[in-house]
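Morning, everyone. Please have the viewer open and follow along as I talk.

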Amino acid sequence: MAMYDVICIGGGLAGLTAAIHLRKEGHKVLVLEKEEYPHHKVCGEYLSKEVLPYLSQLNIELPSEVHIDTLEFSTQNGRSLRVELPLGAIGISRYTLDFTLYKEAVKLGVDIEFCTVKSVDFNTNIFTVYSGSNLQFQAHFVIGAYGKRSHLDKNLSREFIDKKSPWLGIKAHHSWPEFPDQKVGLHSFKGGYAGLSKTESGAVNFCYLVTYKSFQKYQDIDQFNKKVVAQNPFLAEFLRKSTPLFEKPMSIAQISFESKSPVEEHLLMCGDTAGLIHPLCGNGMAMAIHSAKLASEILNRELKHGMQDRQKLEKEYTYLWKRTFGKRMLAGRYLQRLLLSEGITKSLFSLASSSPVLLKKLISQTHGKPLSL
């Protein structure tokens, strides 16, 4: 059985970025991913420019000419405002972004196995990872980057996994050539909010988060779009003028925004596995990449210095993760509560309209500064 320095469970943004970073430092890395590339994922597909310097230093060139610099926000009744984004973003699909990272990882010599991970065992300072196809892999360190929720969370007895979550995520790509490249739209409706932004293919990503309470009366995405989502005039225009490109929309259930621990049973958690920021904050993709950087730098140092103290390493990672993302996560929770309260939203809207600087400041709380090695 081959021994790896690091195994990344999950081949999304965090897992692949960490694998590339660590491989460039000369470490033997394995990524375990359940789906072959390329594939779509439920995601806002808005990548904050804060991570572009870091990705460039990893020699990752992203194929996107969609530069987003303006946020358009609207209330349920269609009252709207626009604000310039502090750093801006690029629009890029997970289909393309993940595939780009995957090809770079393969080129660098990262081993990749397509399988479902069943369990992880830690014994005498070595991890053994078991797959559903009865394969076993061993490593000195394991990064958990398997997304929002998994049966692994139950195996690890993570507190959030037994709590029911009221959130459902829906995503589809649409063709609407008139949609501006530079704009990301955030439009609220009863029980949820939707994001609209263009991707590198020219398709507009239509992704929304909704409560089960609002959705369960319909149990059909098309009907819900017509009866509820389209009550917002901006979304009604989008649904009327655009053409769906997917055979049917993608969905993900039980999205949890409960607090999670960055370290579980000695696994370093990255991306959504460590904590999920509310999608309306538009920064989950950048946070996943940033968390991979934090974990990679700590693991690289530890591996090059002979694995001095695992407990100290885990405490350091927990501290860095909370210091880096804690305020953003908190700001996201508050922002979501405010935007889902129609009365409070009206007051905030009036305040933001009279003082756009306040809205910019709020947005900046959910974004970081430019990131580099």
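I'll go through some strands, a helix pair and the nonpolar cores. Keep in mind that this is a predicted model.

Let's start with strand β1, residues 3-9. Is β1 enclosed or open? Six of its seven residues are buried, so the rest of the structure largely encloses this strand.

Who are its partners? β1 pairs with strand β9, residues 136-144, in the parallel sense, over six bridges. β1 also runs parallel to strand β2, residues 29-33, and four bridges join those two. Now find Cys8. Cys8 stands opposite Ile143 in β9, and opposite Val31 in β2.

How does the chain get from β1 to β2? Look at helix α1, residues 13-24. Together, β1, α1 and β2 make a β-α-β unit, and the unit is right-handed.

The axes of α1 and α8 come within 8 Å and cross at roughly 35°. That crossing is right-handed. Which residues meet there? From α1, they include Leu13, Ala14 and Leu22; from α8, they include Met285, Ile289 and Leu299.

Next, the cores. In soluble globular proteins, nonpolar side chains tend to be buried together. Here, the largest nonpolar core has 71 residues. Which members touch the most others? They are Ile7, Ile9, Leu47, Ile143 and Tyr317.

Take Leu47 as an example. Leaving aside neighbours within four places in sequence, Leu47 is in contact with residues including Leu52, Leu62, Ile90 and Ile92. Met285, Ala286 and Ile289 are also among its contacts.

There is a second, separate core of 18 residues. Leu168, Phe206, Ile221 and Phe238 are among them.

Last stop: strand β12, residues 192-198. This one is mostly covered, with six of its seven residues buried. On one pairing, six bridges join β12 to strand β11, residues 183-189, and the two run antiparallel. On another, seven bridges join β12 to strand β13, residues 204-211, again antiparallel.

Key:
Residues numbered from 1 in each chain as written. Predicted model: local features only at pLDDT ≥ 70, side-chain atom pairs only at ≥ 80, totals over all residues. Heavy atoms only, no water. Buried < 20%, exposed > 50% of the residue type's maximum accessible area, 1.4 Å probe, protein only. Pairing = 2+ DSSP bridges. Right-handed = clockwise from strand over helix to strand, strands pointing away. Core = buried A, V, L, I, M, F, W, Y, C linked by side-chain atoms within 4.5 Å. Contact = heavy atoms within 4.5 Å. Axes fitted to C-alpha atoms, helices over the stretch in contact; angles between N-to-C directions. Left-handed = near helix turned anticlockwise from the far one by under 90°.
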